Amino acid sequence: MTTATLTPNLSAARRGGTSLRVGVAMGWLSVIVLLPLAAIGWQAVGGGWRAFWLAVSSNAALESFRVTLTISAGVTLLNLVFGMLIAWVLVRDDFPGKRLIDTIIDLPFALPTIVASLVMLALYGPHSPVGLHLQHTGWGVAVALAFVTLPFVVRAVQPVLLEIDREAEEAAASLGANNATIFTSVVLPSLTPSLLSGAGLAFSRAIGEFGSVVLIGGAVPGKTEVSSQWIRTLIENDDRTGAAAISIVLLGISFVVLFILRTLGARAAKREELSV
């Protein structure tokens, strides 16, 4: 058999393998993600568009959206700064206990969120050992959300920092650039896509969080009741259509935020490649 005969056969086999992999991946994605989303979307409009609108525009729903989005946005911005700082320290600095700290960063991923709420209540509740009483306050909700979303930023930035070429920083330093200039001109452009990606994941997790805020927040209407807690109230009142409607709004917000930030991140990455 000649090489010319083998080449089409190999190409056809590769195309067949690719099609099979794509089919299996899309099938699993449909079962695990797309079908549940379609189901909740169907339930949300099951009572008609008027019922959907009434559910998402009620005073309680709007207040829960305000509390959720305001605190989540603030926590995301806070974690952008401190998440990047922690990632920088873990990558660029050496100190005793570095591996332990690197492991602790992932604890919020593994810890049941209700346990996180218990931890926050023990630390910032009525008998706070540090003298801070944050139960039933927006600050308490913010601390809980910061705890569960910090790893998203750290783990998004950390591998990029590891791959950044230090020679460009050294060259800028040799030309007289100070640390602030080196960071903003050399390092930050490379980190921007990962920062935006981590921010999107952190924000999306924050607006859908329930377990970590249930005890420390207390679901005070208009003050600490986030949308996930309002959804629980609707379910307890047997208003599943309303609960599904609120869920669809949160899903829509998460999707739009993730799409916008990842688009901006992709453009930033492309600009960085072109400038190299």
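Is Glu209 buried or exposed? Glu209 is buried, because its relative accessible area is 6%, under the 20% cut-off. The model is predicted.

## Annotated spans

The unreviewed UniProt entry lists residues 20-45, 65-91, 103-125, 137-157 and 242-261 under "transmembrane region". Two of these spans are described here by their secondary structure and their end-to-end distance.

Residues 103-125 are 78% helix and 0% strand. The C-alpha atoms at the ends of residues 103-125 are 27 Å apart. Residues 137-157 are 95% helix, again with 0% strand, and their end C-alpha atoms lie 31 Å apart.

## Salt bridges

The model has 6 salt bridges. One of them links Asp102 and Arg155, with an N to O distance of 2.9 Å. Asp102 lies in helix α4 (residues 98-104) and Arg155 in helix α7 (residues 138-163), so this pair ties together parts that are 53 residues apart in sequence. Asp102 counts as partly exposed because its relative accessibility is 27%. Arg155, at 22% relative accessibility, is partly exposed as well.

Another salt bridge joins Asp94 to Lys98, where the closest N and O atoms are 3.4 Å apart. Asp94 counts as exposed, with a relative accessibility of 73%. Lys98 has a relative accessible area of 21% and is therefore partly exposed.

The buried residue Glu209 forms a salt bridge with Arg205, with 2.8 Å between the closest N and O atoms. Arg205 is partly exposed, at a relative accessible area of 23%. The two partners thus fall into separate accessibility classes, Glu209 being buried and Arg205 partly exposed.

## Nonpolar surface patch

Which residues form a nonpolar patch on the surface? The patch consists of Val22, Met26, Trp28, Leu29, Val31, Ile32, Val33, Leu34, Leu35, Leu37 and Leu251. Together these residues have about 1,000 Å² of accessible area.

Helix α1 (residues 3-44) contributes the largest share of the patch, 10 residues. Ile32 is found in helix α1 and is one of the patch residues. Ile32 counts as partly exposed because its relative accessibility is 45%, which is over the 30% needed for a patch residue.

Conventions
Residues are numbered from 1 along each chain as its sequence is written. This is a predicted model: local features need pLDDT of at least 70, side-chain atom pairs count only at pLDDT 80 or more; totals for chains, interfaces and linings use all residues. Side-chain values use heavy atoms; hydrogens and water are left out. UniProt positions are given in the numbering used here, feature names are shortened, and annotations may be inferred rather than shown by experiment. Helices (H or I, at least four residues) and strands (E, at least two) are DSSP runs, numbered from the N terminus. A salt bridge is a side-chain nitrogen of Lys or Arg within 4 Å of a carboxyl oxygen of Asp or Glu. Buried means under 20% relative accessible area, exposed over 50%, partly exposed in between (1.4 Å probe, protein chains only). Patches are made of residues with over 30% relative accessible area and no salt bridge: like charges are joined within 9 Å, nonpolar side chains (Val, Leu, Ile, Met, Phe, Trp, Tyr) within 5 Å. Accessible areas come from the Shrake-Rupley method with a 1.4 Å probe; for residues, only the protein chains shown count as cover.
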